[in-house]
Amino acid sequence: MKLNKKITLMIGLLVLAFAAVACEPQIVEVEKEVQVTVEVEKIVEVEKEVEVEKIVEVEKEVEVEVEKIVEVEKIVEVAVPVIVDDPNRTLDIIAVQHAECAWDSFWCTVQAGIQQGAQDNNVNVTILAPDSFDVDKTASLIEQAVAAQPDAIMLTVTDATVFKEPIQAALDLGIPVVAYNAGSGPIEDGIGYLTYLGQDEYAGGYLGGQRMAANGGSKGVCVNHVPGHTGVAKRCAGFEQAMTEAGIAYEELAINDDPSESATILGDYYAANPDVDLWITMGPNGAVPFYAFMNNEGLTKDDIVHGTFDNSPEITANIENGTTMFGIDQQPFLQGYGGVTSLALAARYGILPAGPVTATGPGFITADSLGDPAGADAPMKIIAVQHAECAWDAFWCVVQNGATTAAERMDIDLQILAPDSFDVDATASLIEQAVAAQPDAIMLTVTDAVVFKDAIESALNAGIPVVAYNAGAGPVEDGIAYSTYLGQDEYAGGYQGGQRLAALGGTKGVCVNHAPGHTGVAKRCAGFEQAMTEAGLDYEELVTNDDPAESATIIGDYYNANPDADIFITMGPGSAVPFYQFMDNEGLTKDDIVHGTFDLSPEISANIASGVTQFGIDQQPFLQGYGAVQALNLMVRHGVVPALPVTPTGPGFVTVDNLTVVQALAGEFR
Amino acid sequence: MASATSPSNFQKTRARLANYSEVVVLISFILLFIIFSLTADNFLSLLSLTNIVTLAAIKGIFVIGVAMLMISGEFDLSVGSTLAVGAYVFAILMEHGFVLGGTQILPPGLAFLALILALIVSALLGLINGLIVVRSGIPSFIATLGTMLAFRGIARAMGNSELAKTSGNADVVRFTGEAPPLFNVLNGDLNFINDLGTPAGGARMAIIWFVIVVVVAVIVMRFTRYGSWVYATGGNRMAALAQGVRTNRVLIWNFVITGALAGLAGVVQFASRPAIDPARGEGWELIAVAACVIGGIWLQGGYGTIIGAAIGMLLLQMVEQGLILAGVDIQLFQATIGLILIVAVISNTWLSRT
Amino acid sequence: MNNDSLRIRSLRLFENSPVAGPLLTMIAIYILFLVITPNFATWRTLSGIVTAVSISGIVTIGVTLLMISGEFDLSLAPMIAMSGYLFGSVSVGADSLITNTLASWGLPVAVGQGNVTLAILLGVGIPTLMGLVNGLILIWTNVPSFIVTLGTRQIYRGLVWIVAGAELLQVLDEPIVYEVFNGRFDLLNDFVKTWLIGEDSRDRVNFRMATVWLFGLVALYQILLVRTSFGNHLFAIGGNEGAARAQGVRSTRARVYAFMISGFLAGFAGIVQFSQFKSVRVAEQTGIELTAIAGAVVGGALLNGGYGSVWGALVGVLLISVLRSGVILMNFTLIPADNFPAVVGVTIIASVIFNNWLRNRSTS
């Protein structure tokens with residue numbers, strides 16, 4: 001009885017309370033509306049002011065855009081190849097090259113790479129080559145290859161003019177094409193093939209110079225035995241850059257084909273410049289006279305530092321005894337192997353190489369790396385430590401799919417470790433625990449270089465090769481000597497994304513961050529901020545959390561407190577999903593605000609299609625997982641090292657224009 | 001069956017075992033150790049074993065504080081947040097010094113002073129916990145649930161503030177200078193152990209600190225009056241009060257000790273991974289409770305030992321490393337720990353039910 | 001009846017009710033924000049406050065019942081996740097481990113062919129079973145529920161991970177059942193928009209169906225708590241279990257039921273969440289257990305049991321939500337959105353002190 005009354009009264013009071021609550025805003029609303037109209041007027045005023053400036057700015061943007069599009073179009077127009085019906089079937093690839101193992105031993109290594117790549121990727125490769133160096137015959141072979149209508153073609157572009165037409169014929173049929181060993185990339189060659197796999201000559205000189213300058217020096221010399229050769233000139237230019245950055249004097253010294261004359265030139269030059277202590281030679285033909293010169297002058301490894309391009313038995317001997325610091329290898333194995341792999345990925349999954357040139361070198365041969373690789377059939381275990389995983393982030397399903405696909409193809413035992421939620425410290429502990437398992441290799445995400453440094457170094461000290469994927473800045477910037485980082489340039493992603501959004505006009509840009517503490521994500525925001533600042537727009541960062549309902553309310557409240565915010569960039573599905581909810585709540589359409597996001601998911605793709613989202617920044621996560629496993633496979637089993645400290649996999653922009661190709665594969669491969 | 005023929009003997013053994021609350025955790029530890037040795041590759045390597053001890057030691061430092069609190073019948077859910085605040089104080093003082101209103105009051109890099117201040121601040125946070133619990137009578141579970149969130153807020157605010165000078169890098173404070181000798185004392189490599197095998201081990205100074213904390217705590221709890229006060233406070237607070245134990249003072253001191261140990265753990269960890277983010281230590285409060293309970297401490301207080309809690313923490317870390325080495329999915333680690341927790345508690349309850 | 005005595009009686013009633021303090025506080029804070037905060041006095045803020053608690057509110061009901069009987073449940077997050085996976089997979093027949101396994105068992109579901117009835121049954125049934133397991137372990141072992149559910153929480157997490165096939169689930173289909181559980185409540189929205197706001201205003205209103213379910217469940221369980229013998233038993237065993245048992249209360253049975261209810265509500269919350277966002281992760285809603293305890297405590301429940309109300313739980317979570325919206329709209333520099341939990345922490349302690357003071361005053 002008593003209880004009953006209580007309840008009725010309580011319910012009554014509650015209803016009253018809620019009614020009071022509900023009525024309250026309406027009364028205030030009337031006063032508010034006046035304010036609102038004032039605000040609107042103000043906004044209009046401001047817009048008037050800004051508009052004039054903006055139009056000019058936008059025009060500038062458009063000009064730049066047009067230039068860029070022309071460049072990009074060269075590739076994009078033809079580079080989107082037809083994807084095969086069944087990704088699991090055996091592919092047929094034809095390789096056309098200007099030389100072969102039968103008469104040039106260099107090519108035996110390239111072909112070994114092709115064969116291994118074919119085996120690892122479930123591909124049949126037919127190699128076609130003329131009996132001797134013959135440009136015309138090679139062109140005919142390309143035409144015959146196209147007639148066979150394989151799934152993909154790889155070839156050496158020894159002459160872009162002669163080869164242009166036959167290659168174009170292949171591209172017109174939707175056959176993906178890559179160049180290897182010889183070529184200059186699609187842009188310089190003026191042919192829309194996917195990429196050129198070969199040595200990055202400038203990076204070779206630059207990275208070699210950095211290694212030599214690491215212990216100091218007073219003057220560096222680039223010994224050039226083929227003056228006038230553009231590739232070699234690039235090597236010297238890279239070396240010069242490294243010297244300049246280290247504050248070391250630089251000079252180029254030309255020698256010639258006569259070894260004894262060259263040795264004398266070197267001796268005379270050294271007599272005139274006794275302060276020279278860093279020497280780099282451009283290949284065996286420069287290294288041989290250099291060793292003679294050292295012998296003549298009675299110099300030892302303690303007096304000078306020597307590095308060289310390419311390799312020969314004599315160079316190897318000198319690397320072993322410490323006279324020569326390193327030989328820079330263009331890694332012909334990787335040219336063949338990488339050619340097959342990138343074609344297989346393009347034909348099967350529509351995953352395209354990130355840049356016009358894919359570096360296969362410089363690979364550094366040093367006294368440490370001269371040991372024998374494990375061999376193609378050696379059993380191999382990789383542990384992957386990552387800061388997130390498929391169980392709670394859709395993005396990572398694609399990365400993991402890439403890694404497990406590669407591991408299956410290459411017969412590798414892969415174990416994936418990840419914490420339950422974003423936790424830098426737990427990830428660091430997982431790395432230490434992974435090292436204790438003593439796997440053959442470790443791949444990991446460097447979300448925080450400072451925290452991970454010790455753990456990664458303990459792996460390297462234990463002789464375990466390490467590559468980074470998805471998160472990191474490369475061994476140089478991170479200050480940790482892992483082999484390479486496969487991922488996108490986060491800052492560039494945020495910056496370019498910001499530019500695209502700012503070009504559409506707006507007042508205030510907001511970076512919606514659902515992973516505060518993640519350095520990579522912080523860089524995205526920083527790049528976006530830079531683009532906003534350059535466009536003269538306001539910028540703010542908004543932090544959301546793991547609960548989608550709460551996050552949507554947070555964004556809504558923020559928007560209400562800052563109604564001038566009209567440009568939003570989200571950091572992936574984790575913040576894009578609540579963002580769409582927020583738009584729905586507020587009844588906002590694509591005309592009210594502009595939105596771009598990192599990464600892709602089914603929902604994001606759908607919103608790109610409907611025009612709500614301008615773009616998804618695709619870092620090709622499949623390639624990050626696949627590429628990391630492949631790089632480790634090549635290192636452990638074949639002794640081939642990654643060429644560059646950063647191996648780009650993105651940023652690529654997925655917009656409404658190229659969505660259809662991507663959408664077919666969204667969630668699994670994209 | 002033995003128990004059937006000589007029930008009295010069996011009862012006696014059980015009763016005798018019940019005097020050693022750590023017996024269950026010790027047996028489980030040895031059993032699991034043997035299982036992992038047989039099933040997981042590389043488990044018996046120097047690197048794996050040192051990893052277990054080092055990683056357990058860092059968390060173990062504050063687990064000891066939580067154990068003392070739990071013996072006195074109270075919780076501290078705020079240890080993870082206190083740890084983060086302590087580490088932030090240390091990190092900011094090391095990297096930026098103390099700047100107030102534009103004037104540099106303390107220069108950066110005064111390692112020893114930074115350590116002392118970090119410990120004082122975290123001890124003060126512990127004092128706040130203690131005062132709230134004792135003065136307001138709010139159950140410590142709720143009080144420290146509140147301060148867990150509030151202290152986390154302090155850590156975040158410090159990361160955001162002028163003091164940390166962070167810009168656009170999401171509240172993370174990194175120490176970028178040359179590591180002072182104190183870092184080696186706090187958490188340097190123990191090379192005389194690490195060089196014993198290949199690959200080199202991962203033993204760190206944290207182990208020494210852990211051992212010191214355990215030894216001191218064991219002595220205090222077993223041989224001093226304070227120790228018996230703690231047990232009395234947890235066992236039967238009214239009786240303890242009647243016997244003249246100043247239970248409130250004991251509780252406050254326990255909270256202060258726990259806070260200071262959490263701060264120490266934060267600083268020790270920072271010395272080897274010199275970056276601190278606002279999420280550091282989230283969820284560790286439950287790990288600490290799990291370690292204590294597996295180690296034989298009663299949730300209601302009055303029963304259990306420091307050694308038990310220490311072995312409990314080592315066991316948790318061993319299971320994690322062992323499962324990784326055995327190639328088991330790391331997520332099943334969670335499930336295993338849950339199972340061990342329940343089994344351990346059931347066995348402990350059974351043993352003590354005389 | 002004269003006005004004066006009614007006032008006194010209602011006041012006394014208020015003082016005796018667990019919901020009094022929290023409700024007064026919430027109304028006071030709401031009015032405070034109405035006065036001082038720009039943009040707070042809008043329908044979109046009000047509906048946002050209510051919508052934000054849709055999931056935590058439903059869960060807090062169960063947690064409150066448990067706390068009244070003196071127990072905890074720390075294993076709610078994996079139940080929500082489990083329910084999300086089961087409901088999500090089966091409702092649309094997503095190509096997942098769950099759908100394929102169930103189909104191979106001969107159940108009426110297949111890839112591409114969802115089964116809504118089965119989805120709902122599994123979505124609430126399995127978590128209810130998980131609650132049953134919690135309760136059974138508790139009564140068989142007599143281990144404190146804090147420890148039991150700390151253990152089962154880890155085990156259930158592992159279970160979800162296995163059932164999920166280690167992947168998160170996302171679907172794009174929108175069967176009508178999603179609208180029923182958590183679609184936009186446009187009947188109300190349009191009514192408010194047309195009659196109370198006016199079409200031209202910039203204000204928006206976003207009530208969702210989850211709110212209806214939440215208020216319905218609150219009403220249902222409040223009645224269950226105060227009008228049935230089960231509810232009385234909960235109060236009795238929470239207040240003094242020995243005495244309750246002596247009076248013939250079957251304390252073990254009531255306790256197991258309470259755990260099953262808490263599991264059922266977690267499962268329901270999982271369905272509601274999936275219906276709106278159409279995605280679920282293994283670690284979904286980690287930490288919601290403590291949020292729910294915080295909500296229940298702010299809403300007047302006592303940690304030691306024997307005191308509390310379902311209305312209070314609702315008011316508790318709403319109070320926290322009001323604070324959040326207010327704080328964000330105030331745009332404090334020191335308390336950005338990501339630092340709001342600190343405010344919750346202070347609120348917990350302050351409200352417990354306030355509630356205690358109020359209760360002591362009314363009893364003395």
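Modeller: Let us begin with helix 7 of chain A, whose buried residues are covered by elements including helix 6 (201-213), strand 6 (219-224), strand 7 (249-254), strand 8 (278-281) and strand 9 (305-309) of chain A. Helices (H or I, at least four residues) and strands (E, at least two) are DSSP runs, numbered from the N terminus. This is a predicted model, in which local features need pLDDT of at least 70 and side-chain atom pairs count only at pLDDT 80 or more, whereas totals for chains, interfaces and linings use all residues. Residues are numbered from 1 along each chain as its sequence is written, while chains are lettered from A and ligands numbered from 1 in the order in which they are written.

Colleague: Which residues of helix 7 of chain A are called buried, and which are exposed on the other side?

Modeller: A residue is buried if 20 or more other C-beta atoms, placed from the backbone, lie within 10 Å of its own, exposed if 12 or fewer, and partly exposed in between. By that count V232(A), R235(A), C236(A), G238(A), F239(A), A242(A) and M243(A) are the buried residues of helix 7 of chain A. Seen down the helix axis, they fall within an arc of 155° (taken over the directions from the axis to the C-beta atoms), so they line one face of the helix. On the other side, T230(A) and E245(A) are exposed.

Colleague: What makes the length of helix 7 of chain A agree with its number of residues?

Modeller: The expected span is 1.5 Å times one less than the number of residues, so the 16 residues of helix 7 (230-245) should span 22 Å, and the end C-alpha atoms, 23 Å apart, agree with this. Just after the helix, G247(A) takes a positive phi of about 75°.

Colleague: Why are strand 2 and strand 11 of chain A said to stand at the edges?

Modeller: Two strands pair if DSSP finds at least two bridges between them, and on that rule six strands of chain A form an open sheet in the order 2-1-3-4-5-11, with parallel pairing. Strand 2 (123-128) and strand 11 (357-361) each have a single partner strand, so one side of each is left without a neighbour in the sheet. Within the sheet, strand 1 (91-96) and strand 3 (152-155) of chain A pair in the parallel sense over four bridges, and I94(A) stands opposite I153(A) of strand 3.

Colleague: How many residues of chain B are in contact with chain A, and of what kinds are they?

Modeller: Contact requires C-beta atoms, placed from the backbone, to lie within 7 Å, and 29 residues of chain B meet that limit with 28 residues of chain A. Helix 4 (46-71) and helix 15 (306-325) of chain B each supply at least two residues of this side of chain B. The residues of that side divide into 13 nonpolar (Ala, Val, Leu, Ile, Met, Phe, Trp, Tyr, Cys and Pro), six charged (Asp, Glu, Lys and Arg) and ten polar (the others, Gly among them).

Terms used
Two residues are in contact if their C-beta atoms, placed from the backbone, lie within 7 Å.
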